[in-house]
Amino acid sequence: MTDYHHKLSHLAAEDIETLYQRYLAGEPIAALLVEYAIDVPASGLIRAFPPVPCADLDCPWCERPLYTRRRGKSQPARSVNEAFCLTCEHRYYVPAYNRLQRYCICAPCSQERDHARHDQQARLREQILAHWAMGAESMVPYATLGIGSKLTLMAIIEARGSAWSDRIEPVEPGHCALLLSPSETMDTALFESARLQALLLVDPHSPLEAFVPNPAVPRLERVRWISNITLDSRQRATLTEVYRHLHRDLARGPRPEWHRELTQLIRSLAAEEVYGQIERRCAEHGLSFRTRERHQAVAESLLEHLPVCHIWDLANTALRGVLQFAEHCNVNSMHVVGTLPGKLNHLGRRAIGERWAPCGSRQTAGSLRSVYSRLLHGLLLGNPDGGLECPLNLYAQALPCTSRAASSAQLPCMQGDTA
Ligand SMILES: [Zn+2]
Ligand SMILES: [Zn+2]
């Protein structure tokens, strides 16, 4: 309804319809206003016409017909896409493929939508509780954990655990969190490993949006996790209890029976340290790449002879070379980033052949260490350099080992050195 709706009250319904048709036909508005004795400005005439009832639309709350406003003569027919109730606030918006669907915000409509959303959320929570019921998974006794599982669990608890909620909490997007491991790929792998071994269970009371659209396949980075470790075979231990046991266990240092597993962990962590550093440096220059396998192969091969921090140095040099080449030749740097593994390998081979001296201690001091790295090289192995400044075989040689492990679990670099 408009301020002008009473301006035509002196006219009969048929006269108003005739006037509207003459208006649509394009007759001069000023002449029509004089002829029909209407006191509105020419631009206000269209707003003075009464709305038209819709034949097929009723207000669901008043059960009276809905109305539409009349279109101006210069408006296309489709521009009138809204119907309204004369007695309440209800609106109806005609759906169309080329615009966003609007919904009525009158009080009863809003309330009805709230109820529908509430019912939908309740149904979704029921499905989640049925699928992720805690009783379905048997608990994992602490005593059965290997050193790899212990490190994974302790790193996740330290980086993401909350003693207050007794849950592993998801990292809110955009929030700074402790670095769990050197790379996002390894972060994901740690959670996946904990899930597959049932060390952690998906909390069925995690935020609902983590389970949309499929409750059976939640977004693992958005759910909360519960410890599934038991210390007494009767009940699940709290995160704090598990963490305390892990800390005491790891602080005692490496055991001979862990030799083989620790040798592998040191090796794979070092490769992630190199890859994660390259990934971060590239991201700083706005470069992303999908050549993880090639970088990892180069990192693993160079790590047989060079310490992590030396390879970081070489990777920085290689990256600078790639960026300078892109700038010099006016090529998009995204196109040349694929040459980075080859350049790094070339530099690494020269460094090994010509026995370049590493100059990584400056970088090591300023580097951001992940929780996993600190636990493995700091708490467990007590390496003051954090596993960055020596060739891998030295760390492996320092591990206590049983006589059988000593003969079968050497790193390839150790075998190469002793050959
Ligand atoms: Zn109504
Ligand atoms: Zn409504």
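I started with a term: buried means under 20% relative accessible area, exposed means over 50%, and partly exposed lies in between (1.4 Å probe, protein chains only). With that in hand I looked up aspartate 249, which is buried because its relative accessible area is 7%.

I noted the ground rules next. This is a predicted model, in which local features need pLDDT of at least 70, side-chain atom pairs count only at pLDDT 80 or more, and totals for chains, interfaces and linings use all residues. Residues are numbered from 1 along each chain as its sequence is written, chains are lettered from A and ligands numbered from 1 in the order in which they are written, and side-chain values use heavy atoms, with hydrogens and water left out.

**Entry 1: aspartate 249**

I found aspartate 249 in helix 7. Helices (H or I, at least four residues) and strands (E, at least two) are DSSP runs, numbered from the N terminus. Which residues does aspartate 249 touch, not counting residues up to four places away in sequence? I listed Tyr142, Lys150 and Arg255. Contact here means heavy atoms within 4.5 Å.

**Entry 2: helix 5 against helix 7**

Two packed helices are described by the angle between their axes and the distance between the axes. I looked up both values for helix 5 (residues 147-160) and helix 7 (residues 239-251): the angle is about 125 degrees, and the axes are 10 Å apart. Axes are lines fitted to C-alpha atoms, for helices over the stretch in contact, and angles run from 0 to 180 degrees between N-to-C directions. The angle makes helix 5 oblique to helix 7. Angles under 35 degrees count as roughly parallel, over 145 as roughly antiparallel, 65 to 115 as roughly perpendicular, and the rest as oblique.

I recorded the crossing of helix 5 and helix 7 as left-handed. A crossing is left-handed if the near helix is turned anticlockwise from the far one by less than a right angle, and right-handed if clockwise. From helix 5, the contact uses Ile147, Lys150, Leu151, Leu153, Met154, Ile157 and Glu158. From helix 7, it uses Leu239, Val242, Tyr243, Leu246, His247, Asp249 and Leu250. I sorted the contact of helix 5 with helix 7 by class and got 10 nonpolar, one polar and three charged residues. Ala, Val, Leu, Ile, Met, Phe, Trp, Tyr, Cys and Pro count as nonpolar, Asp, Glu, Lys and Arg as charged, and the others, Gly among them, as polar.

**Entry 3: helix 5 against helix 14**

I then turned to helix 14. Helix 5 and helix 14 pack at about 125 degrees, with axes 9 Å apart. That makes helix 5 oblique to helix 14. This crossing of helix 5 and helix 14 is right-handed. Among the contact residues I marked Ile147, Leu151 and Met154 of helix 5, and Val371, Leu375 and Leu379 of helix 14. The contact of helix 5 with helix 14 has 11 nonpolar, one polar and two charged residues.

**Entry 4: helix 14 itself**

How many of the 10 residues of helix 14 (residues 371-380) are buried? Seven are, so helix 14 is largely enclosed by the rest of the structure. I wrote them down: Val371, Tyr372, Ser373, Leu375, Leu376, His377 and Leu380. They pack against helix 5, helix 6 (184-196), helix 7, helix 8 (259-284) and helix 15 (392-397). Glycine 382 follows helix 14, and its phi is positive, near 65 degrees.

**Entry 5: backbone checks**

Most residues other than glycine have a negative phi, and most peptide bonds are trans. I looked for exceptions.

- Aspartate 166 has a positive phi, near 55 degrees. It lies in the loop between strand 6 (161-162) and strand 7 (167-168). At 22% relative accessibility, aspartate 166 is partly exposed.
- Serine 233 also has a positive phi, near 65 degrees. Its loop runs between strand 10 (229-230) and helix 7. Serine 233 is exposed, at 59% relative accessible area.
- The peptide bond from valine 212 to proline 213 is cis, with omega near 5 degrees. Proline 213 sits in the loop between strand 8 (200-202) and strand 9 (225-227).
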